[in-house]
Structures are given as C-alpha cells and as structure tokens.
Amino acid sequence: MFLQAASMPLPVTITSGSVYTISATTFYDAASSDDLGYMMFGFFDNAPVYDGSTTFDHGNAIAIGPRNNRNALANILDGHYLSSDFNAPDGTNGNTYGVRLYESSPGFWVADAVELAPHAQVLSSQTPVNIAPLATIGMISASTSPPFLDNFTLESSLHGDVNLDNHVDARDIAAMESALANLTAYANSKSASTLQISSAGDVNGDGKFTNSDLQKLLNVLKAGGGSTNAVPEPSTLALLTLGCFGLIAFAAKRQAL
Ligand SMILES: [Ca+2]
Ligand SMILES: [Ca+2]
C-alpha cells in the first residue's frame, strides 16, 4: 500500500487580480484492481493527512482527485466532494489535470477543475471556494497499486495579462485579439499552455475565453483598471516526482512566465 500525504507551505500569497493553476500529470498502474484507489492534489488548509484508514484530512481542500483504476476524475473543492465523477476517456495515462483558482468578481473566488493536456478544457466550472484557510499545496495518495504524479506545478498569472509580461495594459488588447483568433498558435508563441492564456484572458470570470472578455478588458483599461506599475514576478513552483515509492522531492524554482 502506498499511504502517503505530502505538502509544502503555500508558496505564493493568493492575491486579488491573479489566476492560480495547480496541476500535475497523472500516471496509473493499468494492472490495478483496487477500486478504492484514492488520490487528490491541490490547495489545502493545513498539511493534508492520511492515516491509512478511511479518514482523510482534506479540510478545506480545493483539489482534484484522479482515480486509480477508474477512468474518471472527481473534484473536491472547498472540502466537499461533488457527487459525480467526470468521465474521462480511456488513455488518460499521462494526462495533466489541475485546479484553477480565480476571482469571478472582486472578492468572490471560484475554482475550476481543468484538464491542461492533451486537451485544454474546463471539466467543472465556477465552484465557489473560501481561500481564507488555504496554507499549503500538496497531495494525498492511498491505493494498493498507486497512481503517481509528475510535474506538480503552481502557475500564477494576472487576470488580463494575456501576453504574460506581468502588466495588464493596452498591449494585452492586441494579444487578446491574436489569442482569440488562434489560441493554440498564440499559446505556442508564448511557450505557454492554451489554458494559461485562456485563464489570463477570461477577464469577465465566466470560465470561458471569448470576445466578451475583449470588451471587458477594454472597459477595465478605460476605467483605469490596468496594472502598468511593476507587479510581483509570477512564480512557477514545481514539486517534482511525487512517486509511488515514497520518494518525495520538493523543488521550487522561480521563473518569469
Ligand atoms: Ca500584459
Ligand atoms: Ca470570459
């Protein structure tokens, strides 16, 4: 059995005006017959705990739970399970899933369960969450034939900063037009995921990246709502290779997005 929880202190301060996406690539043991396979990763209040029984301390987790031998995902947002799994097609081994945290309106935070690769898509949208208790990021795994995670990453970006230059200003209008015309091409040109661009570009917070976001960005900038001053450098923090052999390594790096 791999009965493990691991976490690290929240590496960034969750601040208004930013979008946070925590993600990991999941792998499964295809031979597993453990129908109770359990895994989740995301934001937690305190360090997540699993005692080997049926008790999981996931508190106010804002997390996603890829299943071990079932081709399905569950999201556990703000400590509450959704009653239904998301059906995921066969071949999910190696897919990258995540949780996206952002404000849908000032002071009102929501979370989406997302798939980043190979498909950039929102699995569930706009679940209200309470960010006040969040203190760590991490994972819980419990299974007789465990899945494991790789590329555990937290990305942050400014809402509206489509060109990822750490400012929200008029240059993001042209960037947004390009991104709306061809999201994949634009994301490739910025060496970013399509979801990172669409998350940054979802200025009106409706969970979709569309022409209405362009109008919203124009309105925000017209109202002086841009951020032309220097802002804290976004950070990418990687928690590498949360493996199934108890090998747990944390690594953090900072890089400009
Ligand atoms: Ca920008
Ligand atoms: Ca939108």
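Me: What makes β2 and β14 paired strands?
Reply: Two strands pair if DSSP finds at least two bridges between them. Thr21 stands opposite Glu155 in β14. Strands (E, at least two residues) and helices (H or I, at least four) are DSSP runs, numbered from the N terminus. The model is predicted: local features need pLDDT of at least 70 and side-chain atom pairs pLDDT 80 or more, while totals for chains, interfaces and linings use all residues. Residues are numbered from 1 along each chain, and chains are lettered from A.

Me: Why is helix α3 called largely enclosed?
Reply: A residue is buried if 20 or more other C-beta atoms, placed from the backbone, lie within 10 Å of its own, exposed if 12 or fewer, and partly exposed in between. In α3 (residues 194-201), 8 of the 8 residues are buried, so the rest of the structure largely encloses this helix. Among them are Leu195 and Ile197. In strand β14 (residues 148-158), 8 of the 11 residues are buried.

Me: How do you know that Val99 is in contact with Ile22?
Reply: Contact requires C-beta atoms, placed from the backbone, within 7 Å. Beyond four places in sequence, the contacts of Val99 include Ile22, Phe43 and Ala113.

Note on methods:
Two residues are in contact if their C-beta atoms, placed from the backbone, lie within 7 Å.
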